Amino acid sequence: MTYLAKPKLHHPTLPKNRLGYTRRDYECKISTLCAGCGHDSISAAIIQACWELAIEPHRVAKLSGIGCSSKTPDYFLGNSHGFNSVHGRMPSVVTGANLANRELLYLGVSGDGDSASIGLGQFAHCMRRGVNMVYVVENNGVYGLTKGQFSATADRGSKSKRGVANADASIDMVMLALQLGATFVARGFSGDKDQLVPIIKAAIEHQGASFIDVISPCVAFNNHAGSTKSYDYVREHNDAVNFLDFISPRAPITTQYDPGTVQPVLLHDGTTVLLRKLHDGYDAHDRVAAMNYLAHHQSKGEIPTGLLYVEREPEDLHAHLNTVDVALNKLGERELCPGSAALEKFNASLR
Ligand SMILES: Cc1ncc(C[n+]2csc(CCOP(=O)(O)OP(=O)(O)O)c2C)c(N)n1
Ligand code: SF4
Ligand SMILES: [Mg+2]
């Protein structure tokens, strides 16, 4: 993989977070993606979210598949653990890593080709099992890396750069995530960082399967008239159901908003997400209502964005399996080898 290292020097007065790190400490190599690619804005939003939350970089594991989107972990969190897996296989690698070491924060970055085509089965099982992670799909409706073929998320009737209409029905990743039991489901737009950064922060703090579909225009192959994933189209059809503010007890962030209805959502770790409702009656705690809302508004050509669903009492895979509270590599001989009497008893229970 070609890359350009970023110069280490930076201005001494750059703002620092609670840990004394600047934003630069959460960056990595210089991006080699096309100038204007939505994926770069998502990387910038991830950097901003991790910096604002003062996340210790060594606590993060970033994993991806194959694609322009899956290359992006090379452009952020250079001091974190990373694993670039095989096309569509990121979810099973995260599942294994998470089971072995529950103490890391897992960030999976994927594309619509990576997750809605070859990796669809992997995506489905990761969501339904409730792997505690943030799963970001950088959704541009095409296979960017392999020169712009329609992906499975391309809308029926949307046109390729050469003017050919897509005849196939599209897969809606948000709807799928809701149906599969993800406990945090959101959609963002790479062109709206103010909305995306708090969504990522809330997803990081959520203890369960957090899915974020980010519409991320591909300027090389899918940013023309007739595309439904272009900057212009998404700006014109964006239907934000709410706006987030994120209050962390560790690093309070105050943001000034116009008056509106505000709904606090208390997360598992004591942090609070403030949902500023833009749509009267939208309830982000009602899975079925969220699916109905999506079906209704998407049939009219709108693109609902924001925090679409969050479960109040989420459970993750570790809770389902009743695993031990610590990372497996922290278990000592005593826990791993409880003695022959315990083994006898266990064997007897299986006879
Ligand atoms: C097993 C396998 N099949 C096919 C490919 C070719 N391939 C590489 S990336 C890609 C699709 C990438 O699309 P997406 O995940 O949407 O990422 P984007 O480049 O659009 O960000 C494909 C089909 C591959 N690398 N490996
Ligand atoms: S081909 Fe598309 S997705 Fe890939 S870097 Fe260029 S603009 Fe981004
Ligand atoms: Mg794509």
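Q: Which parts of the chain are tied together by aspartate 112 and asparagine 140?
A: The magnesium ion (ligand 3) has Asp112 (OD), Asn140 (OD1) and Val142 (O) as its protein donors, at 2.1 to 2.2 Å. Aspartate 112 and asparagine 140 are both buried. Because the two stand 28 residues apart in sequence, the pair ties together helix α4 (residues 112–118) and the loop between β4 (133–139) and β5 (142–143).

Q: Which residue of β3 is the bridge partner of lysine 62?
A: Strand β1 (residues 60–64) is largely enclosed by the rest of the structure, since five of its five residues are buried, with Val60, Lys62 and Ser64 on one side and Ala61 and Leu63 on the other. β1 pairs in the parallel sense with strand β3 (residues 105–111) over five bridges, and in β3 the partner of lysine 62 is leucine 107.

Q: What stands opposite serine 64 in β2?
A: Strand β2 (residues 81–84) runs parallel to β1, and four bridges join them. Within β2, the residue that stands opposite serine 64 is asparagine 84.

Q: Over which residues does pLDDT stay under 50?
A: The protein chain averages a pLDDT of 91, and 90% of the residues score at least 70. Where pLDDT is low, the predicted coordinates should not be read in detail. The stretch where pLDDT stays under 50 is residues 250–260.

Conventions: Residues are numbered from 1 along each chain as its sequence is written. Chains are lettered from A and ligands numbered from 1 in the order in which they are written. This is a predicted model: local features need pLDDT of at least 70, side-chain atom pairs count only at pLDDT 80 or more; totals for chains, interfaces and linings use all residues. Side-chain values use heavy atoms; hydrogens and water are left out. Donors are N, O and S atoms within 2.8 Å of the metal (3.2 Å for Na, K and Ca); water is not among the atoms, so sites may look incomplete. Buried means under 20% relative accessible area, exposed over 50%, partly exposed in between (1.4 Å probe, protein chains only). pLDDT is the predictor's confidence in each residue, from 0 to 100. Contact means heavy atoms within 4.5 Å. Two strands pair if DSSP finds at least two bridges between them.
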